[in-house]
Amino acid sequence: MSAAPAPKAADGSAAYIGRFKVWRGDADGGELKDFEVEVNEGEVVLDIIHRLQATQAHDLAVRWNCKAGKCGSCSAEINGQPRLMCMTRMSVFAPDETVTVTPMRAFPVVRDLVTDVSFNYTKAREIPSFVPPPGVGLGEYRMRQEDVGRSQEFRKCIECFLCQNTCHVVRDHEENKAAFAGPRFLMRIAELDMHPLDAAEEAGLDRKSAAQDEHGLGYCNITKCCTEVCPENIKITDNALIPLKERAVDRKYDPLVWLGNRIRRR
Amino acid sequence: MATTETPGPARPAEPSGGVHAPGRAAIAARHLRTDRWWLAPAVTATVLTVFVVYSTWRAFANADYYAAPYISPYYSPCIATDCVNMRGGADLQIFGPWWGLSPALLVLIFPLGFRLTCYYYRKAYYRGFWAAPPACAVAEPHGKYTGETRFPLILQNVHRYFFYFALVFAVILTYDAALGFRDAAGHWGHMGLGTVVLLVNVALIWVYTLSCHSCRHIIGGRLKNFSKHPVRYRMWGWVGRLTAHHMALAWGSLVMVAVADLYVYLVASGAFADPTFF
């Protein structure tokens with residue numbers, strides 16, 4: 001942060017010249033570069049990156065799309081915090097504050113602010129999809145709102161992968177990427193396991209045990225960073241990860257539940 | 001964190017640098033946060049340390065835990081024969097005179113286990129003491145991480161059993177609080193500041209216990225179709241509203257249980273006279 005006052009814009013309006021550090025580089029190396037860019041009232045960080053691209057760094061790579069917090073493309077780290085650039089208002093920073101913008105630090109960098117998030121698509125493919133109920137055709141699915149309410153919260157996910165990026169299990173331990181699906185995809189398992197029509201169990205697929213044995217649920221130590229950074233305010237930890245942990249306990253660690261299920265089956 | 005052996009399903013490779021792993025953006029700093037991210041884990045670690053030191057002293061003290069009609073929550077139920085005589089209290093005398101240590105040590109393992117395995121406290125001490133992670137997007141200092149996949153941290157999965165015990169303790173502490181409406185001679189119709197302290201304590205214990213994530217699961221979370229269980233669905237909703245405040249309730253009840261014990265200690269040791277309302 002700089003203590004020096006921010007220079008005023010030339011036209012004398014409320015705009016000011018903000019100081020920025022933006023990471024430039026690729027997989028072979030890079031560094032934080034200093035820039036001074038005009039900031040106008042009501043702007044977000046993505047506006048500044050676009051102005052920087054238009055006026056000073058024409059080859060600056062940045063991934064973006066909707067600029068409305070719905071496509072999940074412009075994920076980055078702003079002053080070290082994983083955030084969407086389009087949903088981070090410049091008004092939250094003091095005019096004399098230097099704002100640092102870097103790519104997400106849990107994934108390989110492609111160039112500048114663009115990262116390779118294919119890890120997440122690999123993990124998505126590892127999750128067994130919805131199993132249709134037998135004897136119910138397409139268009140014949142009927143569910144009550146109270147039965148689908150829990151899963152609907154998870155459907156708000158815009159796949160920005162900020163939760164995957166901030167989760168220390170993979171962010172701080174590259175070696176865990178093979179074993180750990182990450183909060184976004186553990187939430188997907190929870191969504192399917194809570195789905196009233198999912199017939200996985202009838203098909204011999206135990207999502208609860210698989211979450212623990214195959215998708216690394218045990219790595220999660222529920223420190224809630226995924227919930228803190230979620231731009232859709234999904235209560236990932238309270239409503240998906242902890243319930244999924246409890247469901248795994250039902251299957252694997254609770255002898256009373258195991259006994260009860262055995263008796264009920266007879 | 002546990003650091004031995006690798007897990008079964010997908011065998012991780014050797015540690016390779018976290019945020020400094022090859023291919024990631026070359027940024028030397030462990031983090032670039034500019035806010036006071038260290039404040040929350042520092043406060044957490046400090047308060048928990050103070051609580052543990054105070055509680056250890058009081059648990060081993062074996063003195064000044066009963067000031068009729070008030071009993072310290074650290075010593076209830078009192079299940080050793082060397083407990084002081086508590087008129088009508090939860091004095092069960094299960095352990096004979098061979099038990100030479102403080103009776104508090106026999107019962108504190110249950111509320112301690114409940115809080116140690118609690119989903120909120122896990123977050124608090126993983127961040128505050130283990131720095132795993134110290135804060136979001138702040139690199140942790142450990143070379144390897146296995147989380148709760150193996151012993152001893154896999155034992156966190158017994159939380160629901162501690163929850164069942166916590167329910168029993170909540171009932172006993174409710175009984176203790178009710179006894180606070182008797183005077184030192186055992187006659188009903190008394191109320192002092194100690195009665196209020198015990199009532200507030202047990203109220204916080206109840207809401208903290210009922211806001212437990214395991215409770216939410218047992219009440220209804222494990223169901224697939226809520227529409228077939230309307231009563232459990234409604235109760236699940238109520239518990240869910242409490243669960244949203246689990247952190248605040250965890251801190252509130254932690255502080256209050258220590259305050260309740262301190263109050264009984266001050267009255268029992270003669271340092272403070274219990275103000276009587278009627």
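Predicted model: local features only at pLDDT ≥ 70, side-chain atom pairs only at ≥ 80, totals over all residues.
Reader: Why is B:L179 called buried?

Author: The relative accessible area of B:L179 is 8%. Buried means under 20%, and therefore B:L179, at 8%, is classed as buried.

Reader: How do you know that B:L179 lies in a helix, and which one is it?

Author: B:L179 falls within helix 5 of chain B, which spans residues 159–179. Helices are assigned as DSSP runs of at least four residues. Chain B has nine helices and four strands, and from the N terminus on the order of these elements is α-β-β-β-β-α-α-α-α-α-α-α-α.

Reader: What makes a residue count as a contact of B:L179, and which residues does B:L179 touch?

Author: Contact requires heavy atoms within 4.5 Å. With residues up to four places away in sequence set aside, B:L179 touches B:P69, B:R87, B:G88, B:G89 and B:W188. A separate value concerns B:I71: B:L179 and B:I71 are 108 residues apart in sequence, and their C-alpha atoms are 9.2 Å apart in space.

Reader: What makes a group of residues a nonpolar core, and how many residues has the largest one?

Author: The members must be buried residues of the listed kinds, Val, Ile and Met among them, joined through side-chain atoms within 4.5 Å. The largest such core has 68 residues, and those with the most contacts inside it are A:V22, A:I49, A:M85 and A:M90. Domain 1 (16–115) and domain 2 (118–265) of chain A each supply at least three residues to this core. Another core, of 57 residues, lies apart from it and includes B:W99, B:L173, B:V197 and B:L249.

Reader: Which residues does A:M85 touch?

Author: Leaving out residues up to four places away in sequence, A:M85 touches A:V44, A:V45, A:L46, A:I49, A:V62, A:C74, A:A76, A:I78, A:V101 and A:L113. One of these, A:I49, is also among the residues with the most contacts inside the largest core.

Reader: How do you know that the domains of chain A are in contact, and how many residues take part?

Author: By the criterion of heavy atoms within 4.5 Å, 15 residues of domain 1 of chain A are in contact with 16 residues of domain 2 of chain A. The bounds of these domains, 16–115 and 118–265, come from an automatic or database assignment. Taken over C-alpha atoms, the domain centres are separated by 32 Å.

Reader: What share of the residues is buried in chain A, and what share in chain B?

Author: Of the 266 residues in chain A, 58% are buried. In chain B, 50% of the 278 residues count as buried. In both cases the cut-off is a relative accessible area under 20%.

Reader: What part of the accessible surface belongs to carbon and sulfur atoms in chain A, and what part in chain B?

Author: For chain A, carbon and sulfur atoms hold 50% of about 11,400 Å². For chain B, these atoms hold 70% of about 12,700 Å².

Reader: How far apart are the mean positions of the positive and negative charges in chain A, and how far in chain B?

Author: In chain A, the mean positions of the 36 positive and 39 negative charges are 4 Å apart. In chain B, with 22 positive and 12 negative charges, the corresponding distance is 16 Å. Lys and Arg are counted as positive, and Asp and Glu as negative.

Notes: Residues numbered from 1 in each chain as written. Chains lettered and ligands numbered in written order. Heavy atoms only, no water. Buried < 20%, exposed > 50% of the residue type's maximum accessible area, 1.4 Å probe, protein only. Areas by Shrake-Rupley, 256 points an atom, 1.4 Å probe, with all protein chains shown as cover. Charge placed at Lys NZ, Arg CZ, Asp CG, Glu CD. Helix = DSSP H or I, 4+ residues; strand = E, 2+ residues; numbered from the N terminus.
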